[in-house]
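Trainee: I have a model open and would like to learn how to read its features. Can we go through them one by one?

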Amino acid sequence: QVIGIGKAYILSFFCLMDIIGTLSLIVEFSAVKTQMQQNSLTQNSVVMRATRASKIGARAGRLTRLVKLMRFLPFLRNRKRADDGSTAKVISSKLISRVSSIVACLIIFSVQVLPLPGSLAMPSQDLSIQMWTAHLQNMLEEGEELLVINEVLTEFRAFYERTSYKPYSFLNGTEVLWQSRGPSLPDRSMRIEYGAAVVLFDFTYQIQLEAGMNMIVITSTIFLMVIFSLLISRAVSKHALTPLEILLMKVRKIGRLIWLQVESLQVHLSKGKSQSAGNDFQDADETVLLKEVLSKIGVLSAVRLMRPDEDAQALAFLGVAQSEELRSMAPRETLAVRLQTVIQETLETLEVENITTWRFNPLDFEDTETVPLVCAKLLSTCIPYPLKAAGVTEMEISAFSEKVQAGYSKTIPYHNFNHAVDTMHSVYVILQECRAVFSGVEVYTLLMCAAAHDIGHPGFSNEFLVQTRHELALRYNDSAPLENMHTARLFEILRDEDCDILGDLDEATRKDIRKMSIEAILHTDNSCHFNEVKALQMIHEVHDEEFKNTVSTYIPGDDQSEWPVQEIVEIFGEKETHDTIRNVLLHFADISNSMKPFTISRLWADLVLEEFFFQGDKMKELGLPVPALNDRQKTSRPTSQIGFIEFIVSPLVFTIVKIVPPLAFAEQAMMGTVKYWFEQWASSASPSKSEYQQMVDRVKRLYEKATFAKQPTALFKRWKSI
């Protein structure tokens with residue numbers, strides 16, 4: 001221990017106890033034992049019992065110190081340690097040291113007190129030993145005949161027949177009066193002298209009994225110490241160390257991200273003159289990192305005071321204000337800084353940028369080169385081991401992303417690459433919640449499909465292509481022409497070696513991925529929507545009890561809520577159920593715009609309606625009947641969105657959250673979007689009381705069907721404003 005933890009060990013409490021324990025070894029030396037046996041103190045059985053108790057305590061103390069070596073055993077080491085020098089490490093060391101000191105004090109008390117019951121096995125203060133010896137001495141001094149002395153010796157031996165210790169030798173000086181076989185070891189004998197009379201007692205049984213009891217006490221002490229030490233260590237790790245590490249890790253991530261953002265903004269505001277040394281704080285202490293962040297903010301404040309004309313840009317970048325006015329004022333340089341942050345950070349540290357949350361929106365990026373970067377980042381983050389082993393690298397993924405982006409039209413309002421990346425991001429977030437029931441290859445495949453699920457989209461629906469006898473409808477026999485074309489385009493890209501993000505996979509795995517891809521993309525056809533909902537409802541009905549039990553105990557946003565439990569894992573393990581849910585998830589992400597926060601959902605609604613209206617205008621030119629949703633003169637944006645959610649989106653969402661409760665956030669966001677569309681309709685449409693009541697009833701019914709979304713109490717209190 002001096003070598004391993006010298007600074008912390010030398011002159012410490014444990015060091016002093018080890019020195020005392022080592023000194024206690026002296027009483028075990030044979031020379032010391034002999035001297036103690038010859039000492040007159042051994043005549044007193046009380047002193048003898050105290051001496052034995054002290055020796056047992058010293059032995060137990062030395063033995064218990066061996067348990068400290070257990071800290072070096074591999075299976076008792078902390079598998080996840082905080083970085084050396086981190087705040088979590090310091091706190092955990094102090095906490096463990098404190099707990100160890102308390103446990104050590106308890107152990108020392110135990111090994112000193114617990115051996116005492118063992119000493120009770122020794123006789124209490126037995127004056128008969130001295131009395132019989134004195135009586136024998138008196139008879140010897142009086143010169144009694146040998147026959148009389150032998151009678152006394154016989155009575156002497158008979159007196160101790162009932163005890164576990166017995167006399168085995170009587171001496172008159174050096175003359176043996178009577179003797180039998182004594183103990184095999186001299187330290188198990190007690191010598192009682194009174195004048196010329198000497199009596200030797202055999203305490204073999206008594207000492208063996210005492211040793212056995214002491215060994216039981218010592219073994220029990222060590223066992224209890226190990227058990228309670230492990231329990232204390234586990235409790236400390238669970239209730240103190242682990243939460244603290246999680247908290248400080250989040251502080252580290254957010255602090256480093258803020259530092260990078262502020263540094264980038266400082267460079268921009270000071271026209272490229274940065275005083276930063278470009279330090280990397282990846283392994284820095286949290287306090288050092290926060291100190292640097294505050295220092296950067298201080299420098300930035302000075303720069304801002306010198307350049308007041310940049311206030312709006314700085315506020316927009318730092319996210320202080322989120323109004324549309326400030327967003328419109330944000331120049332291209334600010335977005336370039338955000339892009340730099342995306343490049344420098346991994347997805348795990350991009351919480352502020354919302355890339356790993358449900359609030360991300362690719363429409364925020366004006367630079368078209370940013371969107372394929374996000375696409376590549378999502379794919380590269382989820383490369384499973386089989387594909388890494390097959391030689392897939394970020395180079396192929398980057399080329400794939402650019403090739404897919406080039407396959408999308410830049411003039412179509414909705415079905416463009418932004419929608420593809422938005423769907424891809426939604427798939428990523430959804431599968432993070434479902435990663436326990438889907439393999440890494442499945443996650444990677446669905447992300448790949450999401451990127452290309454609408455590639456080459458002409459901006460018209462399948463029905464329009466069939467009605468106009470479009471080339472795609474003729475090629476695919478009027479059966480999902482768009483989805484078939486998207487799938488074919490995807491595998492055409494994968495044929496290019498530079499863009500092949502499947503690498504040198506074995507043929508069986510490649511066939512499985514192709515099969516999964518075809519099924520997933522074909523299920524994005526809206527004509528499959530209601531069949532998919534029915535399939536999910538059937539799965540729920542078959543396993544109704546298991547899913548209800550899971551939903552009843554699941555709390556959205558609570559990290560302690562356990563999902564999936566073993567019963568759910570087994571249900572997902574059924575092939576047909578597994579494949580059905582996997583295919584539905586891509587379609588779920590494809591229509592997830594209505595499940596996003598209203599500020600995001602509204603932007604996508606405007607884009608999709610604009611594309612629908614363009615198709616309606618084209619249908620009017622061709623003399624085809626125009627559906628209501630494609631007629632720009634008749635369609636109300638709030639009404640159309642409420643209807644789309646009510647009849648298309650909500651049946652899918654309400655069913656899937658009962659099967660996968662961690663997707664409750666999508667239901668909650670969807671109902672929030674309904675609320676805002678309802679308020680916009682009520683304020684802009686000037687409805688009559690009957691129309692208002694009908695809409696209220698429709699929205700209320702949606703809230704009644706929701707599993708996790710709660711109806712706001714003040715939502716429908718607008719009668720006086722009509």
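The dialogue below takes the features in turn.

Trainee: Before the details, what kind of model is this?

Mentor: It is a predicted model: local features need pLDDT of at least 70, side-chain atom pairs count only at pLDDT 80 or more, and totals for chains, interfaces and linings use all residues. Residues are numbered from 1 along each chain as its sequence is written, and side-chain values use heavy atoms, with hydrogens and water left out.

Trainee: How many helices and strands does the chain have?

Mentor: Helices (H or I, at least four residues) and strands (E, at least two) are DSSP runs, numbered from the N terminus. Here the chain has 30 helices and 4 strands.

Trainee: What share of the residues is buried?

Mentor: Buried means under 20% relative accessible area, exposed over 50%, and partly exposed in between (1.4 Å probe, protein chains only). In this chain of 722 residues, 44% count as buried.

Trainee: What share of the contacts comes from residues 24 or more positions apart?

Mentor: A contact means heavy atoms within 4.5 Å. Among contacts in the chain with a separation of 6 or more, 73% are between residues 24 or more positions apart.

Trainee: Which residues does Ser401 touch?

Mentor: Leaving out residues up to four places away in sequence, Ser401 touches Pro372, Cys375, Ala376 and Phe417. Ser401 sits in helix α16, residues 394–407. Its relative accessibility is 0%, so Ser401 counts as buried.

Trainee: Now the charges. How many salt bridges does a search of the whole structure find?

Mentor: A salt bridge is a side-chain nitrogen of Lys or Arg within 4 Å of a carboxyl oxygen of Asp or Glu. The search finds 18.

Trainee: Which residue forms a salt bridge with Arg582?

Mentor: Glu442 does, with the closest N and O atoms 3.0 Å apart. This pair links distant parts of the chain: Arg582 is in helix α26 and Glu442 in helix α18 (residues 440–452), 140 residues apart. Arg582 is buried, at 5% relative accessibility. Glu442 is buried too, at 9%.

Trainee: What about Arg632 and Glu610?

Mentor: They form a salt bridge with the closest N and O atoms 3.8 Å apart. Arg632 lies in the loop between α27 (598–622) and α28 (637–659) and Glu610 in helix α27, so the pair ties together parts 22 residues apart in sequence. Both ends are partly exposed: Arg632 has a relative accessible area of 32%, and Glu610 is at 34%.

Trainee: Which residues do salt bridges with shared partners join into one network?

Mentor: Glu442, Lys515, Glu519, Lys575, Asp579 and Arg582.

Trainee: Where does Glu193 find its salt-bridge partner?

Mentor: The partner is Arg191; the side chains meet at 2.3 Å, N to O. Glu193 is partly exposed at 42%, and Arg191 is partly exposed at 40%.

Trainee: Which residues form the negative surface patch?

Mentor: Patches are made of residues with over 30% relative accessible area and no salt bridge: like charges are joined within 9 Å, nonpolar side chains (Val, Leu, Ile, Met, Phe, Trp, Tyr) within 5 Å. Lys and Arg count as positive and Asp and Glu as negative; His and the chain ends are not counted. The place of a charge is taken as NZ of Lys, CZ of Arg, CG of Asp or CD of Glu. Here Glu545, Glu567, Glu570, Glu574 and Glu576 form the negative patch. Glu576 belongs to helix α26, residues 575–590, and counts as exposed at 67% relative accessibility.

Trainee: Which residues form the nonpolar patch?

Mentor: Leu16, Ile19, Leu23, Ile26 and Phe29, with about 480 Å² of accessible area together. Leu16 is in helix α2, residues 13–23, and is partly exposed at 45%.

Trainee: Last, the backbone. Where is a peptide bond cis?

Mentor: From Trp563 to Pro564, with omega near -5°. Pro564 is in the loop between α24 (544–553) and α25 (566–572).

Trainee: What is the phi of Arg469?

Mentor: It is positive, about 55°, although Arg469 is not a glycine. Arg469 is in the loop between α19 (462–467) and α20 (471–475), and is exposed at 66%.

Notes:
Accessible areas come from the Shrake-Rupley method with a 1.4 Å probe; for residues, only the protein chains shown count as cover.
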